[in-house]
Amino acid sequence: MSDPALLLRLTGPGGSNLRVLETELGVSMGLRGSTIHVHGANRDVELVERVLHELIDALQHRDLSPIEMARAARTLQAHPQMRLRTLLDDVVLTTSSRRIVSPKGVTQQSYIQAIRAYDIVFGIGPAGTGKTYLAMAMAVRALQERQVKRIILTRPAVEAGERLGFLPGDLAEKINPYLRPLYDALHDMMDPSRITAMMEQGTIEVAPLAFMRGRTLNDAFVILDEAQNTSAEQMKMFLTRLGFDSKAVITGDVTQVDLPGGARSGLRHAEHVLRKIDGIDFVYFSHADVVRHPLVQRIVQAYESHESGGDI
């Protein structure tokens with residue numbers, strides 16, 4: 001490679017990025033002068049060459065962290081013919097800390113495209129796949145571009161065996177533990193003082209699902225999180241709140257239902273009832289789409305295998 005600075009960004013200090021790519025791609029890599037040498041089976045070497053060329057192309061436009069390189073390698077292994085730039089250039093949002101939010105895999109990109117195209121989108125899959133975070137980023141962008149006048153974030157206040165009546169404090173204090181993940185994602189994208197002002201003005205609302213009853217939500221981007229913990233009646237109530245010029249994204253993991261007494265999940269019920277309705281899309285994530293710590297992907301995969309009868 002003729003550009004020493006680009007080579008260093010690709011290989012990392014002391015070849016640290018190459019070690020990351022070795023782990024992901026199952027080959028041996030070394031740097032001699034300005035040349036990267038790859039050792040492995042011919043098929044593996046061809047894949048590595050493809051990954052390196054895609055990373056070089058991407059690095060000419062922006063820096064990539066070692067984690068992003070590892071994710072890129074996994075994505076290109078699953079989809080050898082895709083162009084990495086089609087993901088990296090699909091910028092959803094630039095956060096208040098100047099961090100770029102863009103899809104980290106093919107499923108995430110399909111999810112983003114579905115949210116752009118449909119008024120109601122279901123994102124279904126395990127924890128750590130970016131379902132809620134990307135929906136939040138799309139909501140913030142829609143608000144910034146004045147496609148909607150407000151953001152409404154909601155989730156059912158039933159999970160982990162707890163009930164609001166047994167929690168200490170007033171109503172706000174009881175509710176906050178359930179809504180904290182939504183606040184966290186929001187604070188990752190916007191300046192806290194701006195969020196506070198928008199919440200005081202009603203431009204951003206974070207509330208339990210029960211607070212949606214009897215309302216019509218016009219000019220809003222609405223996110224229902226942890227939807228597996230809704231009943232069928234609650235899901236119907238939520239979906240029929242949608243008003244004019246509004247968009248709804250419903251996220252959940254059907255393997256993590258915390259409803260009491262084995263009650264049927266409203267998310268599963270909606271899958272069955274709404275699958276063929278025009279204007280609604282379902283996007284499914286798997287363990288391969290997990291974007292948290294690499295161990296999370298393995299944990300999710302192990303549970304999926306166990307629950308499908310692959311392990312005892």
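In which handedness of crossing does H2 pass H4? The crossing is right-handed, a label given when the near helix is turned clockwise from the far one by less than a right angle, with anticlockwise counting as left-handed. Before going on, note that this is a predicted model, in which local features need pLDDT of at least 70, side-chain atom pairs count only at pLDDT 80 or more, and totals for chains, interfaces and linings use all residues. Residues are numbered from 1 along each chain as its sequence is written, and side-chain values use heavy atoms, with hydrogens and water left out.

Let's stay with the helices for a bit. Helices (H or I, at least four residues) and strands (E, at least two) are DSSP runs, numbered from the N terminus. Helix H2 covers residues 16-25, and its axis runs 9 Å from that of H4, at an angle of about 30 degrees. Axes here are lines fitted to C-alpha atoms, for helices over the stretch in contact, and angles run from 0 to 180 degrees between N-to-C directions. H2 and H4 are therefore roughly parallel to each other; the cut-offs are under 35 degrees for roughly parallel, over 145 for roughly antiparallel, 65 to 115 for roughly perpendicular, and oblique for the rest. On the H2 side, Asn17, Val20, Leu21, Glu24 and Leu25 meet Pro66, Met69, Ala70, Ala73, Arg74 and Gln77 of H4, where contact means heavy atoms within 4.5 Å.

H4 (residues 66-78) also packs against helix H3 (residues 42-59), at about 130 degrees and with the axes 10 Å apart. That angle makes H3 oblique to H4, and their crossing is right-handed. H3 brings Leu47, Val51, Glu54, Leu55 and Leu59 to the contact, while H4 brings Met69, Ala72, Ala73, Leu76 and Gln77.

H3 has another partner in H1: the two axes come within 10 Å and cross at roughly 120 degrees. H1 and H3 are therefore oblique to each other, again with a right-handed crossing. Here Leu6, Arg9 and Leu10 of H1 meet Leu52, Leu55, Ile56 and Leu59 of H3. Take a look at Leu6, which is found in helix H1 (residues 4-11). At 7% relative accessibility, Leu6 counts as buried; buried means under 20% relative accessible area, exposed over 50%, and partly exposed in between (1.4 Å probe, protein chains only). Its C-alpha atom is separated by 38 Å from that of Leu182, 176 residues apart along the chain.

Now for the rings. Rings of Phe, Tyr and Trp (its six-membered ring) pair if their centres lie within 6.5 Å; planes under 30 degrees apart count as stacked, over 60 as edge-to-face and the rest as tilted. By this rule the count comes to three aromatic pairs. One of them joins Tyr111 and Phe285 edge-to-face, 5.2 Å centre to centre with 80 degrees between the planes. Tyr111 lies in helix H6 (residues 106-117) and Phe285 in the loop between strand E10 (280-284) and helix H12 (294-307), so the pair ties together parts that are 174 residues apart in sequence. Both Tyr111 and Phe285 are buried.

Phe282 and Tyr284 have ring centres 6.4 Å apart and planes at 15 degrees, so this pair is stacked. Phe282 is buried at 13% relative accessibility, whereas Tyr284 is partly exposed at 37%. Ring pairs link these two and Phe122 into a cluster.

Next comes H10. Its buried residues are Met235, Met237, Phe238 and Leu239, and they pack against strand E5 (120-124), strand E6 (150-155), E8, E9 and helix H11 (266-274).

Finally, check the backbone at two aspartates. Asp245 has a positive phi of about 55 degrees although it is not a glycine. Asp245 sits in the loop between helix H10 (232-239) and strand E9 (247-252), and at 59% relative accessibility it counts as exposed. Asp219 also has a positive phi, near 50 degrees. Asp219 lies in the loop between strand E7 (204-208) and strand E8 (220-224), and is partly exposed with a relative accessible area of 22%.
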